[in-house]
Amino acid sequence: MTISFIVAIDGPAASGKGTLARRLASTLGYAHLDTGALYRAVGLTLLRAGHAPDDARAAIAAASALDAATVLPLMNDPALRQDAVAVAASKVSVVPEVRAALLDFQRDFAHRPPHGAKGAVLDGRDVGTVVCPDAPAKLYVTADVEVRARRRLSELRNTGAEAIYEAVLEDMKVRDARDSQRAVAPLKPAVDAFLLDTSMMDADQAFVAAMDFIRSRPAFPDFH
Ligand SMILES: Nc1ncnc2c1ncn2[C@@H]1O[C@H](COP(=O)(O)OP(=O)(O)O)[C@@H](O)[C@H]1O
Ligand SMILES: Nc1ccn([C@@H]2O[C@H](COP(=O)(O)OP(=O)(O)O)[C@@H](O)[C@H]2O)c(=O)n1
């Protein structure tokens with residue numbers, strides 16, 4: 001059985017992880033998992049059931065109830081991209097049992113990617129540090145918070161949402177702080193991660209830099 005080549009991409013909100021991960025996965029023929037969507041799915045489930053996102057018991061129950069059949073339809077729900085759901089995700093994700101309930105799904109995806117893919121690209125906050133600490137290619141994608149807020153602002157406005165820069169910036173700072181200061185699986189670069197600051201890079205430049213890094217990894221199987 002061939003070993004799945006795992007690419008772990010972590011970083012704060014709107015740094016460009018998802019854009020990069022999707023493009024790397026399609027170029028390499030690998031499967032892609034947006035791990036944030038799992039936490040968003042838990043947050044959205046709570047909001048829709050009328051629970052507060054900091055209701056740990058409800059969050060644990062929702063995370064434990066998620067399986068491939070229930071999470072996949074949620075992953076494509078446009079409501080997942082709302083900022084209120086990102087905030088809810090950030091609140092449920094501080095609960096250790098929520099993280100534990102989602103861990104096997106992420107690891108199974110990475111090590112046995114669907115459709116017989118030869119590798120997997122996972123993006124999130126703790127992929128290179130907790131989910132797949134042995135991943136042969138780890139990237140930490142970041143950008144100045146003002147740059148990220150402007151990117152998230154245009155992303156939200158493109159979905160028709162009313163968004164104000166100052167509010168998006170403030171929300172992002174609060175969420176980044178919660179993600180990096182939490183006791184369990186805090187957001188931080190793995191010691192062996194390639195640091196990619198996209199503040200002055202467009203998506204193409206970030207992609208080229210990431211591909212160069214991945215190709216340089218000793219375990220990277222040539223692909224044609
Ligand atoms: N390098 C980049 N330069 C400019 N805009 C970018 C870049 N990477 C992504 N974007 C845009 O910024 C927004 C957030 O990117 P995304 O990949 O969703 O970030 P993340 O997954 O880290 O939250 C999206 O609208 C995306 O098109
Ligand atoms: N591996 C992950 C991915 C997301 N998350 C949480 O889920 C929230 C939403 O993640 P996301 O990747 O969808 O958020 P953006 O980076 O797209 O803004 C994050 O703010 C984290 O609090 C996490 O704790 N661990």
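The following legends describe close-up views of a predicted model.

View 1. Five strands, arranged E2-E3-E1-E4-E5, make up an open sheet with parallel pairing. Strand E2 (31-34) and strand E5 (194-197) are the edge strands, and each pairs on one side only. On average, neighbouring strands of this sheet are turned by 20 degrees against each other, direction ignored.

**View 2. Pairing of strands E1 and E3, with helix H2.** Strand E1 (residues 5-10) pairs with strand E3 (residues 119-124) in the parallel sense over 6 bridges. Opposite Ile9 stands Asp123 in E3. Helix H2 (residues 35-48) lies across E2 and E3 and runs at about 40 degrees to E2.

**View 3. The aromatic pair of Phe5 and Phe220.** The whole structure contains 3 aromatic pairs. Phe5 and Phe220 form one that is edge-to-face, with 5.3 Å centre to centre and 75 degrees between the planes. Phe5 is in strand E1 and Phe220 in the segment after helix H10 (203-216), so the pair ties together parts 215 residues apart in sequence. Phe5 counts as buried at 4% relative accessibility, as does Phe220 at 9%. Ring pairs link Phe5, Tyr30 and Phe220 into a cluster.

**View 4. The aromatic pair of Phe194 and Phe213.** These two rings are stacked, 4.7 Å centre to centre, with 10 degrees between the planes. Because Phe194 lies in strand E5 and Phe213 in helix H10, the pair ties together parts that are 19 residues apart in sequence. Phe194 is partly exposed, at 27% relative accessible area, whereas Phe213 counts as buried at 11% relative accessibility.

**View 5. Arg23 and the ring of Phe207.** The charged end of Arg23 sits over this ring, 4.1 Å from the ring centre.

Terms used:
Residues are numbered from 1 along each chain as its sequence is written. Chains are lettered from A and ligands numbered from 1 in the order in which they are written. This is a predicted model: local features need pLDDT of at least 70, side-chain atom pairs count only at pLDDT 80 or more; totals for chains, interfaces and linings use all residues. Side-chain values use heavy atoms; hydrogens and water are left out. Two strands pair if DSSP finds at least two bridges between them. Helices (H or I, at least four residues) and strands (E, at least two) are DSSP runs, numbered from the N terminus. Axes are lines fitted to C-alpha atoms, for helices over the stretch in contact, and angles run from 0 to 180 degrees between N-to-C directions. Contact means heavy atoms within 4.5 Å. Rings of Phe, Tyr and Trp (its six-membered ring) pair if their centres lie within 6.5 Å; planes under 30 degrees apart count as stacked, over 60 as edge-to-face and the rest as tilted. Buried means under 20% relative accessible area, exposed over 50%, partly exposed in between (1.4 Å probe, protein chains only). A charge sits over a ring if NZ of Lys or CZ of Arg is within 6 Å of the ring centre and within 35 degrees of the ring normal.
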